[in-house]
Every structure is written in C-alpha cells, then in structure tokens.
Amino acid sequence: MTKLYLLMRRSLTVFLMFGALVSFAQGQVTGKVTSKDDGSPLPGVNIVEKGTSNGATTDADGNYTIKVGANATLIFSFVGSTTQEVAVGSQTSINVDLVSDVTSLSEVVVVGYGTQEKKEITSAVTSVKSEDFNKGTVNDPAQLLQGRVAGLNITRPGGDPNGTFAIRLRGVGTVGANAEPLIVIDGIIGGSLGNVDPNDIASFDVLKDGSAAAIYGSRGGSGVILITTKSGKAGKTQVDYNASYAVEDIANSINVMTADEYRKVSGAKDLGSSTKWLDVVTRQGKTQVHNLALAGGSKGTSYRASANFRDGQGIGLNSGFQQINLRLNLTQKALNDKATFTVNLSSTTRESKLGNANSFRYAVIGNPTAPVYDNTTDSPTAGARWGGYAERDIFDWFNPLSIVNQSTNDKKEMKILASIRGEYDFSSVVEGLRASVFYSNQRENDLFGASFQRTAKFSGQGNQGRAARATEERANQLFETTINYDKTFDKTNLQILGGYSYQDFFNERFSAAGGNFLSDAFTYNNLGTSLDFANGLGSVNSSADGNKLVAFFGRANVNVGGNYFLSASARYEGSSRFGANNKFGLFPAVSAGVTLSNLVEIPLVNSLKLRGSWGVTGAQPNFSYISLQRYSQQGYFFYNGAYGPAYGPASNPNPDLKWETKTELNFGADFALLENKLTGTVDWYTRTTKDGILPVNVPIPPNLFGQTFVNIGELRNSGFEVSLNYAAVKTANFSWTVGGNVATYSTKVVSLRSGALSFGEGGVLFRAGMGAPGQNAFNLVRVKEGDPLGQLWGSVYDGVNADGSYKFKDINGDGKSIADSDEDRAVIGNGLPKATAGFNNTFTYKQFDLSVFLQAAFGHDLLNSYRGFYENNESTTVGNYNIVKTKYYDPSVTKAQVNSFHVEKATYLRLNNASLGYNFKMKQGSPIRNFRIFASGQNLFTITGYTGVDPTERYSDNGDGVNSAFNGGFPPQPDGLSPGIERRTTYFTTRTVTFGLNLGF
C-alpha cells in the first residue's frame, strides 16, 4: 500500500511538472500578413503550426494571433501566393510578405467573355501582370507591354510625345484591313487606349492565335489585347500616391557637317555664320506624372477611384501635352449576393502641342553657315519679309526655327467611357447557371487648330497667312448579353457560354481652312476674317459615316480530370460594311490540350501541357459604304452666270464584298521544370489570309468609276515563339529572376489576283515614292506574288562613275543600266524583321530592387532617306543644303540618286528600360503602408550599325506627312504594304531619366 502511494505521488509530481513545462513552453505570436506586390493586407490567410492542427486566420486587416508550442514553425498559405514557412524561435511578433505564385497553374487568365485557369488554356494566350510592366515614364498603355510578349511588336520610331505606337501581333497579317490588334477594355470591344491611364491597368491578356481570337469574329484577325483595370476589394480603405519627374535629351539624330567642315567643300555657299540648327530647334524635355487612387470596400461593395495628371514637354520646341484622366470602378452585390452590378466610368481630357516635325527635317539640311535671324532686305538670307528670320530664295529651304515659332499646331481631346454590367447567379434554380447584361458607351472628340503667320515662308502662301480648324467625333455603343453554365459531372467539368452582341458606330467630321488674313492675332480662332472665304477660295468639308455589327456567339470548354482539355467556339457575325450578298460570316475555332506530366512521370519536369488549335478570324475594311455606288463632288460647272458644284461617281458597287478571313493553325507547349524554377511556353503557328479588301483598277465602261473594292490577294505567314522565365536565386535576402522571349517571322505574298482582276500589273505592285527634290519618279517598295512581303526596290550600287554619278549593276543584261527603269532595278532589302526578342533581369536585395530590360530586332533593313537625298556633293546639295555625313559618306559622289547604297542593316539591341528602387520598412502600426523611391532610365543605349535617326522597324509608310488641321487632323493613311522607310519627318529619338516615389496609406 505504501509503495502504491509513493508511485502515485511520484507520477502526479511528474505529470504536474510536465504540465508546467508545457504551459511555460507555449507562447503567443502576433503579426500581420501583407502582399509583397503592393503592400496591401491579406485577409483570410491560413496560419498553421507545422505538424499540428493548431491554426489561425488573418482578419480583414491582415492581422493574426496564434498560440504555439516550443520549437514551432508556422506555415502561411494563401490562394495565388507562394506558401512560406517561418521558424518561431524566441519571436513573439512575425510579419510576413506573401509573394504571388506566378508559376502556379491555377493562375486566372482573362479570355474572351470570361476567365480560365492557366492550366486549362488550350490556345496561345499570354498574360502580363502589373508587376511585370515596363517601368519609368510611361505615357501610353502600349509602352507597358513593349517587348514583354513574344510575337507582339510595339514600335514608335523617334521620341514624339504625341506620337502613337504601331502594334503588330505575329507580324503583318492583312493586305487591306486594320493591322492593329483589337483592344478590349473591361469588356468594352474597341475601347480606346487613350482613355485608360497606365497607372490604372492591372493586367494585359494577349490572345495571339486564331482559336483564342475567333470569339471576336470579324475583328480578331490581327489578334486581341484584353485590358483589365484595377479594382477595389473588401477591407480597409487604401490610398496610393505615385509621382515621378523625368528629363529627356536627344539620344540620336542625323550626322551632318559642321560649319567649318561645310566651308571646305567645293561649291559650298558660305553665308558667314556658324549655326547648329539642331540645337536651335530642340531643348531638354521634361515630364511630370501624378497619380492618386482610393480603393476599398465592405462585404457587398468594392470601389476604386483614381485621378491622373500628366504634363509632358517634348525635346522639339512647341511639342508636348497636358492630360487629366479620372476613373471610377464600382462593384455592388445585391439580392443575397446573387446579383452583382459593376460600373466603370472614365474621362480623359488632353491638350497637345503637336509641333512640326519638319523643323527637324530642315534643321538637318539647313546650311550651317546661315544665320538664324536676318532682318535685312538685300542679303542672301534677307528675312525682313519673313518676320526677321533668315530665309533663302531657293527651292525646299526653310528656316527651321521659323517653322516652329511662326506656326501653331494644337489638338484638344475629350474621351468619355461608361459601362454597366449586371450579373445574376441562378444556381438556386439551375446549378451552375449565370446570366449577364452589359452596356457601354464610348464618346471621343478631337479638335484641331493650326495656323501660319503672314510672315511664315513655310506656309507657302506668300505673306497672307493660313489657318484651319478640324474636328471629329466618334461614338461607340455596345450591348451584350451572355449566359454561362458551369457543371462538374464526376471528374469532367463542362463550361458553356452563349451570347448576343450589338454594336453601333457613328463618326462625323468637319473642317475649314483659309488664308489671306489681315492680322495674325486670332491664329486659327477667327476663320471668318480670311479673305479667301469672301473670294470663294476657302475650303469647308464635312462628312459622317456609321456602321453596325450584330453577332451571336458561343463556346464550350471541357476539362476531363484535369488532364484532357477541349474547347470549341463560333461567332456568327453581320456587318453593314459589306455587300448585300455577304453581310454575315461564320468564325469557328477548336483547340485541345493534354497535361502530359499528369499521365507520365518525366524526370525534372513538374508540369508539361501540349496543345493544338485551329481557328478562323476576320478583318473589316477601314471605311464604310465601300460596297455601294457612291457619288461625290467632282469639281464645278458654270451655269447661268454662276459656278456650282459638279457631282460624279466616287466608287462602284460590289454586292459580293465580304470579310477578309484568316485561318490559323497553332501548336504549343507550356512547361515547368526544376521544381518550377524554369517555366516557359513554346508556340509554332502558320496562318493564311485570304480575300483582302483592296481597290483594283477596272475599265470604264461598263463601270462608272475607275476603281472597285474587291476581295483579292492572299498572304501566308508563319513563326516560332519561345518565352522562358528562370528563378535563378531565391534566398531570404536576395533573389534573381531572368526571363526572355524570342519570336521569328516569315510573310509571303501568295497572290495579288482574283480571277481576271489584279491588284497591280501582272501580280506586281510598286509603291512608296522617294519624293522631292528631284526623285519623285523612284518607287521604293515592290510587292510581288510568290515573294516575301516588305521588299525594298531600287538600283543596285556598283561604285561611282568618273563624272561623280552612281554606277549601277546591269540587271537585265542589255549592256546598260537605266536608273529609273524597273528592268534595271532589283530587291535591295526587306523592311520586316526576321526575329524580335526581349530579355529581362530582376534582382532584389533586402529592400532594394533592380530590373533591366533589353529589346532587340534582327534581320530588317531601312532605307535612310536623308542619305538618299543629301549625302552627296551634288552642286544643288552643296549650294543649298548641308551635307549628311555618316560613315558611308563618299565625297566623290556628285549626283543624288537613291539606290541600294542607302539601304542599311537595321538590326539593333536596345537597353529599353532599367529601374532601381528602394522599399522602406514600415513599423507596425504606421499609417504608411508602403513607401518606395526609384530611379529609372529608358532608351539608355542602342547598339546598331544603322546611321539614321532610329533603327526601329517601320511597319507602314506615312510619307513625309505631318498631323495638323490642314489635313483634317490626320496624317496620310499609312501604307501597310510599304515597310522599311525612314522618312525625313521622323522625330529624333530621346533618352529619358525618371525619378519617382510610390506611397501607400
């Protein structure tokens, strides 16, 4: 009994001691979990003590409290983020930043009319999130994507702050329609990029192949870019302020002779001064950007409101802009959370000084010995008549500073976009059934004003002055309704989409221009004072056009056990722009994929999905009514003592005009290797474009007009795309991620005919004239059946003759070479790149972050028109203009004649963007959520052998035209069949350095 008592007492003592030890070892840990991306608190994060069921969850502010045992390790997990483990040790407070799991196959990707998990995608779709956007001074949303997506080329030669970016997806895929991808902003088809500020964009999703874009039918032929703007979420209200200030300088121009070099050339006209004309018409550009955003919400409501201000000053005098953008995104739940209403509102106002790129052109060729000012009446540069600016009485010579200072070229823009979506979940009636209704209205108005003073020689009106106004208003209304069904049967998930779409476009324009003013005081604001109108010489034009689209569309996605995937879609669409016999077209698509890594174990492979797709998309013409018989003014007639307008046919009818169609086949693979450190995508595609919409010459009679728009021509292009991302190093304090993409292109002109009709003579077409002075007869581009698209055409350089003229090869073998004969000309280059690439390195070290992004294009040529006109010692050149002096300058050449010698390899590697930032650590309880400062540089250097302004590829040709009210507010229609020409109105390239901060509360 005594022994039993002693044993029980000892056992109780041990039990109590163990209990006390456990009690002593347990501790309480508190902390906060935030997003590494933007510093926002993360509610609903799961925190579990490793090896136990003990756990906790963060509240709406990201805070948590948990009791743990000795030697505990906490596991933090959250959907869409990388799981983290933290050893507690002696810590009582642990704050964690969770990083987005960008390699996760559960990542949600936006597709046409919905979303899918990345693992389910069976077509070529690339998603770019905000953390991967280009940094620095970005004033156009397109810049955010530049070089980031394989096969997506975004270019803007030069540094014009008001210049637009050319966007091409998978090269040139059309012969007569819009070559730009379709833009969809928060579901608004045909949304304007100018109505969304870069700071408000959350992601881009690029639909690259035919199967992904077919759901958009007649407008998906050039690809689709889906833009999702930022929205609020439930939780604490957040305020973000971003500000930056940038300076930019000329990165490159054209090399010309100095005054001293010019004087040494035989025949030079020494006018007694030494002037650096490029310095006269340029300055240091400055840009400031401010963005303020307010976001938050409650259980049933979320919102985000933002205001953006941009003030940009270009390097060219009188060029720049001021822009204000306002945006509100609001989401409201209702009816027991079964109904969701989403309202998006945005407004953009922009006032631009367009300047005049001709000031650059004449600064390059201006005589370096001419003075800037000359108020005399009898000197070689007498300028008393021209407002005191030195001018010369010779052809095509204008004072560059006078062009800028004695002219006005303004533009005002107003863009308003409003949309509302209502969605209801009918799952209580039919499981997985949802329906939605969507309406949007986009209004855009452009107002141009341009004038030349009476003393401006460049106006071409003597001493009379010129002025013009032009305006255009564009309206775009969209109504859509969709039904979605989502149901899982055992291991098979079925998603069905059905919808109807109606879209109405209307545009109207008005312009007026006149000269012979009595005063310069009104610039373009009082055209009624122009004596041209009193004399019947003023011009007034107005026009309006509209078109409508109606579509029925559907899609079915099947997911079998997370291993096999199938998608099929179709859009049946009608447009008022086409002939009476072909108003509607069908655009089908099918794609399939298999996650091979789920079926077969492959060493070092974490995930491997193979996919293939086929789809048909379409393209519309850029104009309405081209299938109809149209009449327009054809001059004047005199009757009964007065003049009246005469009208005649402007087009022939074509009731069979239909869509341009593009059929595309794509095979690809998505993979993750080495414990998900290496991820990537590979795609190969081939596509055929048929039934291009082009005007062809027809006989009169039986036709009433000399041209008819018909479906004609065929292009075939193919390419290979690779995107890779490798997490090279990842430790507690340091990380390094390297990524890149490469795309190849090949485009062939298969046909330029349709029956007896031909676009060009005998399947050959010559385009893009060189221009004045003296070279109007020379076309620079040939388009030929059976050959690659983009051929530069001209005489082939074979040295210099004794008389100083160029010597050319005898192409046709007749013993002589005729420069202006196509029989003695040949292909001298190709303006389209064979490949493009982008390379990115991202580093983090403690609170520092560094990103470096390089961009490249390979295999394209550019015709340097400055060299073709002015890199010679011709007496006219030497006596009138400065001489272009590149590494190719040959003083023995005394005659200007464009030829293969002026076509240069334009391959380049550019440091597009580099950004260094520092993220300050915020104390717990601080009202400041995050604070980052940064410095970035854009276009810091370019490695190239090209001697012109900018080696960037040109996908179309605008001639030497500039944008102003005198041409209705718009430059000449770009010629998409004439790539590879650098014109003399190219704005000089710039190098930009930016300093800024990101502040969150």
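1. In which loop does Tyr 625 lie? Tyr 625 sits in the loop between strand E29 (605-619) and strand E30 (630-639). Helices (H or I, at least four residues) and strands (E, at least two) are DSSP runs, numbered from the N terminus. Phi of Tyr 625 is near 70°, a positive value in a residue other than glycine. Tyr 625 is partly exposed, with a relative accessible area of 35%. Buried means under 20% relative accessible area, exposed over 50%, and partly exposed in between (1.4 Å probe, protein chains only).

2. A word on the basis. This is a predicted model, in which local features need pLDDT of at least 70 and side-chain atom pairs count only at pLDDT 80 or more, while totals for chains, interfaces and linings use all residues. Residues are numbered from 1 along each chain as its sequence is written, and side-chain values use heavy atoms, with hydrogens and water left out.

3. Overall build. The protein chain has ten helices and 53 strands. Its C-alpha trace spans about 135 × 65 × 60 Å along the principal axes. With 1001 residues, a compact globule would have a radius of gyration near 30 Å; the chain has 33 Å, which agrees. That radius is taken over C-alpha atoms, and the globule rule is 2.2 Å times the number of residues to the power 0.38.

4. Burial and contacts. Buried residues make up 50% of the 1001 residues. Contact means heavy atoms within 4.5 Å. Among contacts between residues at least 6 apart in sequence, 69% join residues at least 24 apart.

5. Surface and charge. The protein chain exposes about 43400 Å², and carbon and sulfur atoms supply 56% of it. Accessible areas come from the Shrake-Rupley method with a 1.4 Å probe; for residues, only the protein chains shown count as cover. There are 91 positive and 87 negative side chains, and the centres of the two sets lie 5 Å apart. Lys and Arg count as positive and Asp and Glu as negative; His and the chain ends are not counted. Each charge is placed at NZ of Lys, CZ of Arg, CG of Asp or CD of Glu.

6. In soluble globular proteins, nonpolar side chains tend to be buried together. Here the largest nonpolar core holds 58 residues; Val 364, Phe 759, Leu 780, Val 783 and Tyr 866 touch the most other members. Helix H6 (residues 358-365) gives the most to this core, with five residues. A nonpolar core is a set of buried Ala, Val, Leu, Ile, Met, Phe, Trp, Tyr and Cys residues joined through side-chain atoms within 4.5 Å. Beyond its neighbours within four places in sequence, Leu 780 has contacts that include Met 770, Trp 793, Leu 863, Val 898 and Ile 981.

7. Helix H6. Eight of its eight residues are buried. Among them are Asn 358, Arg 361 and Val 364. What covers the buried residues of H6 includes helix H5 (277-280), helix H7 (400-405) and helix H9 (865-870). Asp 396 lies in the loop between H6 and H7. Asp 396 has a positive phi of about 60° although it is not a glycine. Asp 396 is also buried, at a relative accessible area of 10%.

8. Glu 982. This residue is in strand E52 (residues 981-982). Glu 982 is buried, with a relative accessible area of 0%. Not counting residues up to four places away in sequence, Glu 982 touches residues including Ile 254, Tyr 946, Asp 950 and Arg 954.

9. Asn 325 is found in strand E20 (residues 319-334) and has a relative accessible area of 1%. Leaving aside neighbours within four places in sequence, its contacts include Asn 195, Asp 197, Asp 200 and Ser 347. Ser 302 lies in strand E19 (residues 301-313) and counts as buried at 14% relative accessibility. Ser 302 and Gln 332 are 30 residues apart in sequence and 6.7 Å apart in space, C-alpha to C-alpha.

10. Backbone points to check by eye. Most residues other than glycine have a negative phi, and most peptide bonds are trans. The peptide bond from Pro 701 to Pro 702 is cis, with omega near 10°. Pro 702 lies in the loop between strand E33 (678-697) and strand E34 (707-730). The bond from Ala 772 to Pro 773 is also cis, with omega near 10°. Pro 773 is in the loop between strand E39 (764-771) and strand E40 (775-784).
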